[in-house]
Structure formats: C-alpha cells, structure tokens
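Subject: Structure handover

Hi,

Here is the structure we talked about. Please look it over, then read my notes below.

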Amino acid sequence: MTADPLPSLSILGSPVHLHPNYCQWLRSQLDQQRGLHVVTLNAEMTMQAQDNPQLAQVIQQADLVIPDGAGVVLYLKLLGQRCTRQPGIELAQQLLSQLSPQETVFCYGGKPDVIQRAAQNLRQHYPHLNLSGVYHGYLSPEEQQHLLQDVQQQQPAVILVGLGVPRQELWIQQHRHHCPRAIWIGVGGSFDIWGGVKPRAPRWMGDNHLEWAYRLYQEPWRWRRMLALPKFAFKALLEIIIGKRQGKPDKNVRRTPK
C-alpha cells in the first residue's frame, strides 16, 4: 500500500511535505502498514540534489520529506508557509517512543563500536524498544547481503539508516522493496549522537537556526561543505524574487487530498 499523500512545496526543485505533526502522520501510516521513505531535507542536501540527478529523483519520489534544516524553514516562512523545523533525529526518537515491543527496529550505519553504544543507549532510554537488528556501516558485500536477508526475513517496522547523504538515500531507494511495509528513515549522523560520540547543539542554538555553526565548531573540516549554505540562500532568494515579480509566489504549492 502507498502512503497517504501530503501537501508539498518545492524548494529549488526538491519537495517539502507540510503537516502539523509528522510523527502522528507516520504513526498512522505504520498502523495501516503503509511503507514509506522519509528524507530529512536541509540546505546542503538541496544543493547536492541540484548537482546529483539520482539524489534529486530519490527526494522527488520519497513519501515524506521533512524540513530538517533552518534554511529550508526560513524559505518556507518567506513564502508565507507556517512551518516549524523538524530535526530528523527528533522525529526518529518520537517514533521510537511510540513503538510497541512487537514493532521491531533495525539500525544500519556508523562505526562498529559507535552503533553498538547507540543501540545500548536507545534500549536504556526506551525500555520497550525491540532492536532486532544492529549493523555498522562498514559491511563487506557479503555482510550486506546477510543484512538484507535479515531484513527480508524479520520485516521490521522501522529501519534507521545512517550512512550520510546521499549514500543513505540511494541505499534506501535501492533496497526498500525487501521490506515494503517498513518506515525507512535516513538519520545521517544520529548514531554518533545516540552513541555519545558527538553532542547535539544546545537547544537555544537550534531554536535560533544556529545548529550549523555548532557543527562547524565541532568539525572545522566541514567548512567546504558549509559553502553550500550561502549558495542555497542566494538561489532560494532569487527564486522567491523571480516568483513574486511574475505574480505567482504560491504556484509551486501542491495540495493533494488525503
């Protein structure tokens, strides 16, 4: 079964789905056994999609694309769309907290020691969580085949994939048919946070759209990747200005009935 469609708005060619409570919507889809792919969109991924047609196609075909990044949220607000930033790690945590012991979870990604610590911490934080599969992100081709066989045999309810962008998005699209009723979420570096390797930015920085600065402080080597942020801002503002001059700022809003 396919997921219920949601209203969406295009940002530089990438869709963002609009809903007041993404976790509630995910829970409803899971109850109806409607499998789906969740993409957590930020400015950096948006710019990557402009240069990577394969990634762009995956984002276009995803069942749920949430506004993970501050730049995406600010863009939506400039278009008059009320929107709250939805970090992917928080959405995953909200969903995990609502699962029953019968709804199993797979985790794939991260370094071997980190993913094991992340799994241990998740089990402690969510006592009813049933982690039926935990695999690090450095598998050999033979080990990856074993993972896929395990997924196909167990049919978990939720599969968290932390391989980084765009690898995790492409991997999910390629393999989600092995477990068509599951919720597949690309969680990026969330396993590092759950494993205690990296702290999240303070709440006040996230609330003021400064989480990117904290990540740059933690990982100065990311500065080249951060160059995507001013490029995104320039292109996004240009798109908005051109749209307003043409008198159609809301033309790219698509509303589809549920």
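Which residues in H1 meet which residues in H5? On the H1 side they are Tyr22, Cys23 and Leu26, and on the H5 side Leu91, Gln94 and Leu95. By class, that contact has five nonpolar residues, one polar and no charged ones. Bear in mind that this is a predicted model.

Now the geometry of the pair. The axes of H1 and H5 lie 10 Å apart, and the two helices pack at an angle of about 45 degrees. Angles from 35 to 65 degrees fall between roughly parallel and roughly perpendicular, so H1 and H5 are oblique to each other. The crossing of H1 past H5 is right-handed.

H5 itself spans residues 88-97. Seven of its ten residues are buried, so the rest of the structure largely encloses this helix. The buried ones are Gly88, Ile89, Glu90, Leu91, Ala92, Leu95 and Leu96.

Next, the salt bridges. There are six in the structure.

- Arginine 27 and glutamate 103 pair through their side chains at 2.5 Å, N to O. Arginine 27 sits in H1 (residues 22-31) and glutamate 103 in the loop between H5 and strand S5 (104-109), so the bridge ties together parts 76 residues apart in sequence. Arginine 27 is buried, at 14% relative accessible area. Glutamate 103 is buried too, at 17%.

- Aspartate 63 and arginine 176 pair at 3.0 Å, N to O. This bridge links distant parts of the chain, 113 residues apart. Aspartate 63 is in the loop between helix H3 (53-61) and strand S4 (64-67). Arginine 176 is in the loop between helix H8 (167-175) and strand S8 (183-186). Arginine 176 is partly exposed, with 22% relative accessible area.

- Aspartate 113 and arginine 117 pair with their closest N and O atoms 3.6 Å apart. Both are in helix H6 (residues 112-125), four residues apart, so about one helical turn separates them. Aspartate 113 is partly exposed at 43% relative accessible area. Arginine 117 is partly exposed as well, at 36%.

One network also turned up. Salt bridges with shared partners join Arg27, Asp31 and Glu103.

Best wishes

Terms used:
Residues numbered from 1 in each chain as written. Predicted model: local features only at pLDDT ≥ 70, side-chain atom pairs only at ≥ 80, totals over all residues. Heavy atoms only, no water. Buried < 20%, exposed > 50% of the residue type's maximum accessible area, 1.4 Å probe, protein only. Salt bridge = Lys/Arg side-chain N within 4 Å of Asp/Glu carboxyl O. Axes fitted to C-alpha atoms, helices over the stretch in contact; angles between N-to-C directions. Parallel < 35°, antiparallel > 145°, perpendicular 65-115°, else oblique. Left-handed = near helix turned anticlockwise from the far one by under 90°. Contact = heavy atoms within 4.5 Å. Nonpolar A, V, L, I, M, F, W, Y, C, P; charged D, E, K, R; others polar.
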